[in-house]
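Subject: Structure handover and notes

Dear colleague,

Please find below the structure that I promised to pass on to you. My notes on it come after the display, and I would be glad if you read the two side by side.

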Amino acid sequence: MKKGMLKQILLITDGCSNEGEDPVAMAALAREQGITVNVIGVLDKYDTEDGHGLHEIENIAEAGGGISQIVQTKQLAQTVQMVTKQAMTQTITGVINQQLQDILGDSGTVEDLPPEKRGEVMEVVEEVGETSDLQVCILVDTSASMKNKLPTVREALTDLSLSLSARMGENQFCLYLFPGKRRSVQKVVAWTPQLDDIERTFDKISSHGITPTGPALKEAIKSFISLSRKHGFFHNDDEAYDDGPR
């Protein structure tokens, strides 16, 4: 496989969206655009009692072709790194499986290969994961129920930026908060190779009651499209999704 581009949305939330578009539908739209949606549910014990937030988190990740992980607040930093890297591997393995199906027929997958061949394929997966360019749009739920969890989110994202800096491929991050100060979704860090401004950004956060997860995912998709246009990568799907001047 040649060097490629991996696109991820990393959604950090405690679930229970209550404003705007259906987040599951938005996650499915992202997947159609070649963007994997991964969801980390920061759920403490009392958050899981009715199960609504948990189901939403799982459904968003499934629709977005990504990974969902439920964590206690104290485990967040390690989980953010793990989910990002697992999703990279999953995406690359999916591409290889598709190529195998083209060669071996519908039943061809990495798991069907002899052990020695499977090992060679996984070495390729690891190499491509290290050399591919990575774009991660981070969406952080800043609703009222997340207020006490945000300092840990900040630390986790700083750790993520540092952990990925050793990769050979180029990293690009952007950060949106939902809800924002004056609108449902607020871009606070534009596309950048490092999340240096993360600490200053989080110091200014004020939490609100609403949880507009669907609109946040919609803004993330637009952000990827804008970045692609900036670098001269145009796709028919991009044009189809363009909803006019913003």
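What follows is an account of the fold, the salt bridges, some contacts and a surface patch.

First, the conventions. This is a predicted model, in which local features need pLDDT of at least 70 and side-chain atom pairs count only at pLDDT 80 or more, whereas totals for chains, interfaces and linings use all residues. Residues are numbered from 1 along each chain as its sequence is written, and side-chain values use heavy atoms, with hydrogens and water left out.

The chain has 8 helices and 6 strands, where helices (H or I, at least four residues) and strands (E, at least two) are DSSP runs numbered from the N terminus. Read from the N terminus on, the order of these elements is β-α-β-α-β-α-α-β-α-β-β-α-α-α. Of the 246 residues, 48% count as buried; here buried means under 20% relative accessible area, exposed means over 50%, and partly exposed lies in between, with a 1.4 Å probe and protein chains only.

The structure holds 3 salt bridges, each being a side-chain nitrogen of Lys or Arg within 4 Å of a carboxyl oxygen of Asp or Glu. In one of them, aspartate 14 pairs with lysine 149, and the closest N and O atoms are 3.9 Å apart. This pair links distant parts of the chain, since aspartate 14 sits in the loop between β1 (5-13) and α1 while lysine 149 sits in the loop between β4 and α5, 135 residues apart. Aspartate 14 counts as buried because its relative accessibility is 8%, and lysine 149 counts as buried because its value is 3%.

Another salt bridge joins the side chains of glutamate 21 and lysine 218, at 3.2 Å from N to O. Here too the pair links distant parts of the chain, with glutamate 21 in the loop between β1 and α1 and lysine 218 in helix α7 (residues 213-230), 197 residues apart. Glutamate 21, at 29% relative accessibility, counts as partly exposed, and lysine 218, at 22%, is likewise classed as partly exposed.

There is also a salt bridge between the side chains of lysine 222 and glutamate 219, at 3.5 Å from N to O. These two residues are 3 residues apart in helix α7, so they are separated by about one helical turn. Lysine 222 counts as buried at 10% relative accessibility, whereas glutamate 219 counts as partly exposed at 26%.

Lysine 149 lies in the loop that runs between β4 (133-141) and α5 (150-164), and a polar atom of its side chain is 2.8 Å from the backbone oxygen of valine 42. Leucine 43, in the loop between β2 (36-42) and α2 (52-63), is buried because its relative accessibility is 2%. The C-alpha atoms of leucine 43 and aspartate 14 are 5.6 Å apart in space, although the two residues are 29 residues apart in sequence.

Two other pairs are worth a look in the viewer. Leucine 29 belongs to helix α1 (residues 23-32) and counts as buried at 18% relative accessibility; its C-alpha atom is separated by 8.3 Å from that of isoleucine 221, 192 residues apart along the chain.

On backbone geometry, most peptide bonds are trans. Phenylalanine 178 and proline 179, however, are joined by a cis peptide bond, with omega about 0°, and proline 179 is placed in the loop between β5 (171-178) and β6 (186-192).

Finally, the surface. Glu116, Glu120, Glu123, Glu126 and Glu130 gather there in a patch of negative charge, a patch being made of residues with over 30% relative accessible area and no salt bridge, with like charges joined within 9 Å and nonpolar side chains (Val, Leu, Ile, Met, Phe, Trp, Tyr) within 5 Å. Glutamate 116 lies in helix α4 (residues 115-131) and counts as exposed because its relative accessibility is 52%.

Definitions and conventions:
Areas by Shrake-Rupley, 256 points an atom, 1.4 Å probe, with all protein chains shown as cover. Lys, Arg positive; Asp, Glu negative; His and termini not counted. Charge placed at Lys NZ, Arg CZ, Asp CG, Glu CD. Polar contact = N/O pair within 3.5 Å; in protein donor to acceptor, adjacent residues only side chain to side chain.
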